[in-house]
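Please keep the sequence and the model open while reading.

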Amino acid sequence: MSDAYIQAHTRSLEDPDGYWGEIAEDIVWTKKWDKVLDSSNPPFYRWFAGGELNTCFNALDRHVEEGRGEQAALIYDSPVTDTVRTYSYSQLRDETAKFAGVLASHGVAKGDRVIVYMPMIPEAAIAMLACARLGAVHSVVFGGFAANELAVRINDAKPKAIVSASCGLEAGRVIEYMPLLNEAINIATHKPDACVILQREQAVADLTDGRDVDWAEAMTTAEPHDCVPVAATDPLYILYTSGTTGEPKGVVRDNGGHAVALKWTMKTVYNIEPGDVYWAASDVGWVVGHSYIVYAPLLNGNTTILFEGKPVGTPDAGAFWRVISDHKVKVMFTAPTAFRAIKREDPDAELMKQYDLSAFEMLFLAGERTDPDTLHWAEDNLGVPVIDHWWQTETGWSIATNCMGLHAYPVKPGSPTKAAPGWDVQVLDDAANPVKAGDIGAICCKLPLPPGTLPSLWNADDRYKQAYLEEFPGFYKTADAGYIDEEGYLYIMARTDDIINVAGHRLSTGGMEEVLAAHADVAECAVLGVADDLKGQLPVGFLVLKAGVDRDHAEIVTEVVQMVRDKIGPVAAFKQAAVVARLPKTRSGKILRGTIQKIADNVEYKMPATIDDPTVLDEIEVALESLGLASKRGG
Ligand code: COA
Ligand code: AMP
């Protein structure tokens, strides 16, 4: 017998117009679409072509008009500043309308880009929503990135304005944003007309005359701005994510498909009703923060929590339970690494017992595979379903999940369950043929992708086609490898490119190699991700020095570690590197990163048939041992 999930999934693929057209009725449109799915220009597919709406209206104003004005829209909970502040839907709408007025008074209009470089404070969400209100395109840059990364994004997005804050607060230290912002603008070839700076008392910044505007001051005289209708296919935001080189990809999200899909996921995936309290413990700088701290819960009339803290150390490993209990959180979403951090500090979950978690119904995890140990620890201690779901910055919402609002399937450890409605997920071999159940291959999604996914990359249609669509014609390549079992459960095993996943953060080893290669003494290098109990993976570098360099190796390693921190940012967590005489390569000169990784991860490996000189692996082993990393030679 077919359950609600099977019915939805089948219909979404057989009749996408009917399926998504009905769901789209849940959004307020200023002009109805002409076509649900516009397939006139493959491989570029557009949803709700001809339709017009405003995403901010749907996230805020409509709820006030429909009677939710007094309900909490956003609760800012910040253990690092000892603050809890609640915004009702009316208050959040009013603040957002005023801030839209501030941006408009500095010339920001429909289609203009605005970079948001902010810590986890409500003003970050207000800035995003204010852009949406004006039809401007925001691009949020994660606070853990260095000035250079910010500059790359400024040059690509060419923002009219930048919104930032004087500082962010990391466990025990204040990160001043102004020096980073000034340096980024200095390096960048594109210059914004204005920067709006929110002053925080922990580090008040010196503002630059003629460029910088004080947020609080500007708000006192700002005229609230109305919602500007935009085309469903107009961009709502650009979010840069790691590609295989140091050049990040600007993932574009449109307005119409995004609003339709995200609102619908709240019930379908998370089983959340309007009015419920929902918490995604992530950062607005990542896609999880965009989709599930800001847009989806607000589009659905929920109360969202914006948490400025960490799972441990703010002040202890009970922080998550305190927030769940204080705000009566019904569903939470975070990355497995956060739970591993808690488990490490409080293995018996003693701190959990101090809190009333009776309102808590479900935990969702994503960002990396949920390892069975973490899954069982969370299930056993919380006593609620723990759901792994798989998605990417590009997709904006889950490709595979257990749709708890449709039909709860038994959880299989290590699997994010099944393809969500709208997704035709197939595992393909190198010749683009589907493999049989249980066989590993490239996980690909048949085009068109559902609403809310990337229509293209910012100003880079060719790169979009080349990166995602060319290798498997007719499919979107996820760059994840894995398999589907006999019951249709998907298993994500590894990336097929140079992306690594560190504490749920997606990083490019190619980008790090570009930084190392720029060191004056480095002739050649390789960076790869080795398994780590807490963060999932950690980057490790191998350096071959130029002939004649006889400096102290430890000094060079310290310098390259600092270079990665300065160029990419602390979030890269690049702390380990070793100098080696040679790198293992194939006879055609390709570095055997996969083999080094297997040695480091202590897994059996086969000597690659194409290896140029097998004795190099002995040297790699010695280097790994010097870094304290496990090693074992295979057959
Ligand atoms: N601004 C400035 N620096 C930042 C930053 C920010 N917004 N976020 C992180 N950093 C810094 C950290 O302070 C750390 O610096 P350090 O090298 O001086 O210690 C470095 O970047 C690495 O950060 P992180 O990988 O987050 O490590 P951590 O040790 O601070 O915390 C966890 C580890 C597991 C507790 C943390 O990663 C976490 O809570 N993860 C939750 C998962 C998550 O949010 N994933 C996002 C996608 S869902
Ligand atoms: P990001 O774009 O930062 O969200 O990273 C996306 C990548 O993270 C995916 O391509 C996967 O490699 C990995 N990922 C995210 N969620 C999961 C999950 N639930 N299981 C396995 N891998 C995941």
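**Notes on the predicted model**

1. In this predicted model, helix α5 (residues 122-134) and helix α10 (residues 287-299) have axes that come within 11 Å of each other and cross at roughly 55°. Axes here are lines fitted to C-alpha atoms, for helices over the stretch in contact, and the angles run from 0 to 180 degrees between N-to-C directions. Helices (H or I, at least four residues) and strands (E, at least two) are DSSP runs, numbered from the N terminus. Because angles under 35 degrees count as roughly parallel, over 145 as roughly antiparallel, 65 to 115 as roughly perpendicular and the rest as oblique, α5 and α10 are therefore oblique to each other.

2. Where do these two helices touch? Ala125, Met128, Leu129 and Ala132 of α5 meet His290, Val294, Tyr295 and Leu298 of α10, where contact means heavy atoms within 4.5 Å. Sorted by class, this contact of α5 with α10 has seven nonpolar residues, one polar residue and no charged residues. In this sorting Ala, Val, Leu, Ile, Met, Phe, Trp, Tyr, Cys and Pro count as nonpolar, Asp, Glu, Lys and Arg as charged, and the others, Gly among them, as polar.

3. Cys56, Ala59, Leu60, Asp61, His63, Val64 and Arg68 in α3 meet Tyr89, Ser90, Leu92, Arg93 and Thr96 in α4. By class, the contact of α3 with α4 has six nonpolar, three polar and three charged residues.

4. Around ligand 1 there are 23 residues, of which Glu170, Pro311, Lys535, Arg565 and Lys575 come nearest; a residue counts as near if one of its heavy atoms lies within 4 Å of the molecule. A polar side-chain atom of Lys535 lies 2.8 Å from an oxygen atom of ligand 1, and an N or O atom in the side chain of Arg565 is 2.8 Å from an oxygen atom of ligand 1. The backbone takes part too, with a polar backbone atom of Gly143 at 3.4 Å from a nitrogen atom of ligand 1.

5. Which residues come nearest to ligand 2? Of the 14 residues around ligand 2, they are His389, Thr393, Asp480, Arg495 and Arg506. A polar side-chain atom of Thr393 lies 2.6 Å from an oxygen atom of ligand 2, while a backbone N or O atom of His389 lies 2.7 Å from a nitrogen atom of ligand 2. An N or O atom in the side chain of Asp388 is 2.7 Å from a nitrogen atom of ligand 2.

6. Most residues other than glycine have a negative phi, and most peptide bonds are trans. Pro42 and Pro43 are joined by a cis peptide bond with omega about 5°, and Pro43 is found in the loop between β2 (35-41) and β3 (44-49). Another cis peptide bond, with omega about -5°, joins Thr314 and Pro315, and Pro315 is found in the loop between β18 (303-307) and α11 (319-327). Asp82, although not a glycine, has a positive phi of about 55°, and Asp82 is found in the loop between β5 (72-78) and β6 (83-88).

7. Residues are numbered from 1 along each chain as its sequence is written, chains are lettered from A and ligands numbered from 1 in the order in which they are written, and side-chain values use heavy atoms, with hydrogens and water left out. As this is a predicted model, local features need pLDDT of at least 70 and side-chain atom pairs count only at pLDDT 80 or more, whereas totals for chains, interfaces and linings use all residues.

Definitions and conventions:
Polar contact = N/O pair within 3.5 Å; in protein donor to acceptor, adjacent residues only side chain to side chain.
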